[in-house]
Amino acid sequence: MSCKKCIESPVIKLTNSPVSLCKSCFIKYFEKKVKKTISDYKLIDKNDHIVIAVSGGKDSTSLLYLIKKIVGERKDIKITALAIDEGIHNYRDESLEFLKGFCKKLKVNLKIVSYKEEFGKSLDEILKTYKGIPCSICGVLRRYLLNKKAKELKATKLATGHNLDDEAQSIMMNYCRNNMAISARLGPLTGIKKDERFIPRIKPLYFLTEKEVTSYAFLKGLMDNFKECPNSQQAYRNNIREMINDLELKIPGTKHSIVNSFLEILPLLKEEYSKDSKLIKSCLKCMEPCSQEICKTCIYIETVIKS
Ligand code: SF4
Ligand SMILES: [Zn+2]
Ligand SMILES: [Zn+2]
């Protein structure tokens, strides 16, 4: 059997189709899909400053490489990579070293922001006393810093490496928890309506599966290995991931169907929940946007980090 497009040997079977492609046709397919997502959803505008959230993982590394490849030569567009150093020994230190070399090679400015400098403690130090699930606190601190630092960098877009699997999981998690207001903020271009306290988030890898992104990163030689965070404990997401992967095996196309049917109702969700978005307040302590008087990060700083 040869590649669907040429006579070479195939290296990958596409997730939502019987088509198998060789290395070079797969890379073309992948890059075309990213460009189409950017163009269909108008993810990038003239004079944008795109801050790309990078972790050294396969998704954000592929994203950084591709954004640089697609718009890196445009004079009106600025690109900055933003990495959060949570302070996880034997993990983040290694990925930051990789990122420094990768960004230097791509000639992209890399800004590193650490929990230690911003909050006074690294995640390793926080976890000595915090007995909850590491990702609960880390996820809140990380999202907080990404938005805050992207604003300080005067970003007009914050690009993240979310893929189709991530989005299908988030959609199902919100359904199962009856959290449609949170789902209204999903999609390739996030946000309900313009609010200068939030930098709009863009997800150019939105329509590519995790398997496709992993294959791209390795076939392009962007990285030769990657490590999982030793603290990764996302029990709820993992259950949903397993459920969707199992369904995908039994009913191929499930992941695409979840995301595509969600996209059909997303405009209605945005309309419905845009009424609530004026309820977003500014935290009384740090002025960052939040739904309560004090944001979750400031609560963690007072109750966990300083204790
Ligand atoms: S996996 Fe969890 S603990 Fe590790 S960096 Fe991500 S959010 Fe933080
Ligand atoms: Zn081919
Ligand atoms: Zn706050």
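The questions below concern a predicted model, and each reply sets a value against its cut-off.

Me: What makes the size of the protein chain agree with that of a compact globule?
Reply: For 307 residues, a compact globule would have a radius of gyration near 19 Å, and the protein chain has 20 Å, so the two agree. The C-alpha trace spans about 65 × 45 × 40 Å along its principal axes. Of the 307 residues, 34% count as buried.

Me: How many helices and strands does the protein chain have?
Reply: The secondary structure comes to 12 helices and nine strands. As for contacts between residues at least 6 apart in sequence, 70% join residues at least 24 apart.

Me: Why is T160 called buried?
Reply: The label needs 20 or more other C-beta atoms within 10 Å. T160 has 22 of them, so T160 is buried. Its place is in the loop between β6 (157–159) and α7 (164–176). Leaving out residues up to four places away in sequence, T160 touches A53, R201 and K203.

Me: Which residues of α7 are buried, and what do they pack against?
Reply: L164, D165, D166, E167, A168, Q169, S170, I171 and M172 are buried. The buried residues of α7 pack against α8 (180–183), α9 (210–219), α10 (235–250) and α11 (254–274). After α7 comes N178, with a positive phi near 55°.

Me: What makes the phi of N47 worth a remark?
Reply: Most residues other than glycine have a negative phi. N47 is not a glycine, yet its phi is positive, about 65°. N47 lies in the loop between α1 (23–40) and β3 (49–54).

Me: Where is K154, and why does K154 count as exposed?
Reply: K154 is in the loop between α6 and β6. K154 has 11 C-beta neighbours inside 10 Å; the limit for exposed is 12. K154 therefore counts as exposed. K154 is a residue other than glycine, and its phi is positive, near 60°.

Me: Why is S282 called partly exposed?
Reply: Exposed means 12 or fewer C-beta neighbours and buried means 20 or more. S282 has 13 inside 10 Å, so S282 counts as partly exposed. S282 is in strand β8 (residues 281–282). Its contacts, leaving out residues up to four places away in sequence, are R197, M287 and P289. S282 and S215 are 67 residues apart in sequence, and their C-alpha atoms are 42 Å apart.

Me: How do you know that L123 is buried?
Reply: L123 has 26 other C-beta atoms within 10 Å, and the label needs 20 or more, so L123 is buried. L123 is found in helix α5 (residues 123–129). Beyond its neighbours within four places in sequence, L123 is in contact with E86, G87, I88, Y115 and C138.

Me: Which residues are around ligand 1, and how do they divide?
Reply: The residues around ligand 1 are E86, P134, C135, C138, G139, R142, C229, N231 and S232. They divide into four nonpolar, three polar and two charged.

Me: Which residues touch the most other members of the largest nonpolar core?
Reply: The largest nonpolar core has 60 residues, and I52 and L82 touch the most other members. Helix α6 (residues 134–152) gives the most to this core, with six residues. L82 touches V51, I52, A53, V54, K111, L146, K149 and A150, not counting residues up to four places away in sequence.

Key
Residues numbered from 1 in each chain as written. Chains lettered and ligands numbered in written order. Predicted model: local features only at pLDDT ≥ 70, side-chain atom pairs only at ≥ 80, totals over all residues. Near = placed C-beta within 6 Å. Nonpolar A, V, L, I, M, F, W, Y, C, P; charged D, E, K, R; others polar. Helix = DSSP H or I, 4+ residues; strand = E, 2+ residues; numbered from the N terminus. Rg over C-alpha atoms; globule rule 2.2 N^0.38 Å. Contact = placed C-beta atoms within 7 Å. Core = buried A, V, L, I, M, F, W, Y, C linked by C-beta atoms within 7 Å.
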